[in-house]
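Let's walk through this model from its surface to its core, and then to its charged side chains. Have the coordinates open as you read.

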Amino acid sequence: MLPPAGKIDLGKHRSMMIQKWFDAVPGDASRGLDIVRVMTALNLMAHGVHGLFDPEGVRGFGGYLSSIGFPFGVGWVWAIIVIQIASSVLLILRRLVVPACIGHLVILVAGVWLEHAPHGWYVVGPGANGMEYSVLLIACLVAVLWTYWPPRAVAS
């Protein structure tokens, strides 16, 4: 039975969640995937949050998008920022995981196609601004997406 509204002890709930995390068996693959899910979300959220505090960067990126044929470039940038932050929050909270992964994947794949692939593989070192980091994030998101994808009903 649920406690009455306003009577939920969040401290107790949080400590139970933390205890459950530490009680996990080291070979539990779901804990490893939780780390990938949360860290990927935090990493991608940093880009969106940075955009909130960098109006010049938003205008610059919007101008770039307009220059390659996207109408309303700055509007696209704000849409990307909102999707990055909202999708990241959803991934961290483990809510609507599949749509959140798809939101991030659309942005990352477009970024690889439009910007990073022409620069080659390496982000630093032998190259610059390449696609290796984006491909790694895409692989992490596909792993999470695959795990949370609803199973098909099996006909018997």
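Ile35 is partly exposed, at 46% relative accessible area (buried is under 20%, exposed over 50%, partly exposed in between, using a 1.4 Å probe and protein chains only). You'll find Ile35 in helix α2; helices here are DSSP runs of H or I with at least four residues, strands are E runs of at least two, and both are numbered from the N terminus.

Before going on, a word on ground rules: this is a predicted model, so local features need pLDDT of at least 70 and side-chain atom pairs count only at pLDDT 80 or more, while totals for chains, interfaces and linings use all residues. Residues are numbered from 1 along each chain as its sequence is written, and side-chain values use heavy atoms, leaving out hydrogens and water.

Helices α2 (29-52) and α4 (73-93) each supply at least two residues of the patch.

Now for the inside. The largest nonpolar core has 16 residues, and those with the most contacts within it are Leu91, Cys101, Leu108, Leu141 and Val144. A core here is a set of buried Ala, Val, Leu, Ile, Met, Phe, Trp, Tyr and Cys residues joined through side-chain atoms within 4.5 Å. Two or more core residues come from each of α2, α5 (97-116) and α6 (132-148), with α5 giving the most, seven residues. Zoom in on Leu108: leaving out residues up to four places away in sequence, Leu108 touches Leu44, Ser134, Leu137, Ile138 and Leu141 (contact means heavy atoms within 4.5 Å). Cys101 is buried too, at 0% relative accessible area.

Finally, the charges. There are two salt bridges, each a side-chain nitrogen of Lys or Arg within 4 Å of a carboxyl oxygen of Asp or Glu. Asp34 meets Arg31 at 2.9 Å, N to O, and Arg37 at 3.1 Å, which links Arg31, Asp34 and Arg37 in a network. Why are Arg31 and Asp34 about one helical turn apart? Because they sit three residues apart in helix α2. Arg31 counts as buried at 18% relative accessibility, as does Asp34 at 8%.
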